[in-house]
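User: I have a chain open and want to go through its fold and packing. Can you take my questions as they come?

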Amino acid sequence: MTEEKLIKRVNLDNGLELSLYDCSRRIAADTWKVILSARIEIDTDQTEFTITEKKKLYEIRQTIGKHITFEKKIMRSFINEEKKEETLQFLYESFLDNTKKYLSDKQFAERLALKIFADSLGKRKEKP
């Protein structure tokens, strides 16, 4: 198992906390697989849903559970050891630049919960 090293925690505008981890691993003497893992832990009891139908909201929370996790991993393979930290820094900065606004949206937690709920019911079609 790969050891995780916390890089940074980012407080998002919607009250959630994004945790960024270095999960890189050596694949040869001087070569790395650089892995950035971005995670947000969400307490569904604390998530504000726009759903007004109490029965539906109860069903969602019962199905997906009290805690859900958003996780995105970004990888680059065959990175020379001297470029490892630079590559990790690039992944970290580009991830934040490209997704911070989306992750900070006030409805992010609700949309993620609804996606997980739909997936658990098999209602979402798999993309080819």
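User: How much of the chain counts as buried?
Analyst: This is a predicted model. Of the 128 residues of the chain, 39% count as buried.

User: OK, the fold. How many helices and strands, and how do the elements run?
Analyst: There are three helices and five strands. Starting at the N terminus, the order is β-β-β-β-α-β-α-α.

User: Is the chain a compact globule or more spread out?
Analyst: More spread out, because the radius of gyration is 18 Å, well over the 14 Å that the globule rule gives for 128 residues. Along the principal axes, the C-alpha atoms fill a box of roughly 55 × 30 × 25 Å.

User: Which residues have the most contacts inside the largest nonpolar core?
Analyst: Leu-18, Leu-20 and Ile-40, in a core of 31 residues.

User: Which elements give two or more residues to this core?
Analyst: Strands E2 (17-22), E4 (31-43) and E5 (67-80) do, along with helices H1 (54-64), H2 (84-104) and H3 (108-120).

User: What does Ile-40 touch?
Analyst: Leaving out residues up to four places away in sequence, Ile-40 touches Leu-12, Leu-16, Glu-17, Leu-18, Ile-68, Thr-69, Phe-70, Leu-103 and Phe-108.

User: What share of contacts joins residues at least 24 apart?
Analyst: 59%, among contacts in the chain between residues at least 6 apart in sequence.

User: Switching to charges: how far apart are the mean positions of the positive and negative ones?
Analyst: They are 5 Å apart, for 26 positive and 23 negative charges.

Technical notes
Residues numbered from 1 in each chain as written. Predicted model: local features only at pLDDT ≥ 70, side-chain atom pairs only at ≥ 80, totals over all residues. Heavy atoms only, no water. Core = buried A, V, L, I, M, F, W, Y, C linked by side-chain atoms within 4.5 Å. Buried < 20%, exposed > 50% of the residue type's maximum accessible area, 1.4 Å probe, protein only. Helix = DSSP H or I, 4+ residues; strand = E, 2+ residues; numbered from the N terminus. Contact = heavy atoms within 4.5 Å. Rg over C-alpha atoms; globule rule 2.2 N^0.38 Å. Lys, Arg positive; Asp, Glu negative; His and termini not counted. Charge placed at Lys NZ, Arg CZ, Asp CG, Glu CD.
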